[in-house]
Amino acid sequence: MLRLSRNKHHNIMTRKELIQQINQKQSFLCVGLDTDINKIPKSLMNIVKKEYEEEEYTYGMLLEFNTRIIDATAPYCVAYKPNLAFYEAYGIEGLAAFESTIEYLKENYPHHFIIADAKRGDIGNTSAMYAKTFFEEYDVDSLTVAPYMGEDSVTPFLGYKDKWVILLALTSNKGSHDFQLMEDAQGERLFEKVLKQSQQWGNDENMMYVVGATQGRMFEDIRKLAPRHFLLVPGVGAQGGSLEEVCRYGMIPGDIGLLVNSSRGIIYASQEEDFADVAAQKAQELQQQMAKIIHNS
């Protein structure tokens with residue numbers, strides 16, 4: 001299995017540096033690498049068949065698609081978010097492609113923030129091993145974590161200097177209402193309890209929250225409880241979330257405080273040979289909207 005050499009010199013991304021990148025690029029766009037072999041353009045499949053051995057075909061498809069998307073969209077975004085499910089589904093080849101994608105980013109785009117979207121979170125000693133996997137082995141900047149097993153399932157991730165934990169707070173899926181909006185006897189909703197409690201474990205220098213773009217005005221409620229934390233916001237584009245609404249209610253003056261993710265709307269915008277160019281175009285459109293919002297804020 002082809003693997004890129006390890007780059008141990010990944011740029012550390014502090015809150016201050018992340019804000020600098022956002023201001024420099026006039027963008028707070030995160031591109032989600034939810035790479036599905038069934039959605040990769042046929043033209044790329046033919047190229048990969050020529051360049052890779054049959055036993056490395058899946059690896060080659062995932063990596064070639066990712067690197068082309070990254071090269072095309074890098075000028076317009078500040079972060080990438082590979083979703084682990086799309087790599088684990090292909091076994092060893094998929095995981096090798098995930099690892100090689102991370103190495104490619106570190107080697108070629110060291111100032112881009114890397115989020116492993118894996119939604120881990122388990123009892124303490126298991127969480128400690130997940131933290132080791134992502135923060136030592138893969139050396140990503142941040143990891144999405146499910147907080148619902150409580151403090152000892154989250155704190156192992158917070159023990160790594162200059163790494164970020166991104167806790168699920170209020171998600172963009174329909175089922176988010178099943179539990180996250182449940183109220184206790186005092187009228188406090190579960191997501192509000194998560195926001196309050198978790199701030200005793202981490203701070204705005206090492207912890208972000210996932211808040212779905214489809215939640216609209218709920219960003220006001222989030223900001224009352226987490227006024228300084230960065231928010232990772234999926235759901236703009238294909239899922240119907242409004243960038244303007246997210247910014248109106250969720251942006252921190254001066255610091256921005258948002259990483260807005262788009263996956264399908266960018267990476268699968270074209271099924272033709274020009275897929276990378278069209279992805280760049282879609283990323284640039286979002287970046288230009290963001291630049292306008294930053295300018296007017």
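This is a predicted model: local features need pLDDT of at least 70, side-chain atom pairs count only at pLDDT 80 or more; totals for chains, interfaces and linings use all residues.
Lys196 and Glu188 form a salt bridge, with their closest N and O atoms 2.5 Å apart. By salt bridge I mean a side-chain nitrogen of Lys or Arg within 4 Å of a carboxyl oxygen of Asp or Glu. Lys196 is partly exposed, at a relative accessible area of 44%, while Glu188 counts as buried, at 18%. Here buried means under 20% relative accessible area, exposed means over 50%, and partly exposed lies in between, with a 1.4 Å probe and protein chains only.

Residues are numbered from 1 along each chain as its sequence is written, and side-chain values use heavy atoms, leaving out hydrogens and water.

Let me turn to the protein as a whole. It has 13 helices and eight strands; these are DSSP runs numbered from the N terminus, helices being H or I with at least four residues and strands being E with at least two. The radius of gyration is 19 Å, close to the 19 Å that the globule rule gives for 297 residues, so the protein is as compact as a globular protein of that length. That radius is taken over C-alpha atoms, and the rule is 2.2 Å times the number of residues to the power 0.38. Along its principal axes, the C-alpha trace spans about 65 × 45 × 35 Å. Of the 297 residues, 58% count as buried.

I return now to the charged pairs. Side chains of opposite charge can pair when their charged atoms come close. The count of salt bridges comes to 18.

Which residue meets Asp255 in a salt bridge? The partner is Arg15, at 3.0 Å from N to O. This pair links distant parts of the chain, 240 residues apart: Asp255 lies in the loop between helix 11 (243-250) and strand 8 (258-262), and Arg15 in helix 1 (residues 15-25). Asp255 is buried, at 17% relative accessible area, and Arg15 is buried as well, at 5%.

Another salt bridge joins the side chains of Asp117 and Lys81, at 2.8 Å from N to O. Asp117 belongs to strand 3 (residues 113-120) and Lys81 to strand 2 (residues 79-82), 36 residues apart. Asp117 is buried, with a relative accessible area of 6%, and Lys81 is buried, with 5%.

Finally, Glu103, Lys106, Asp139 and Lys163 are linked in a network of salt bridges.
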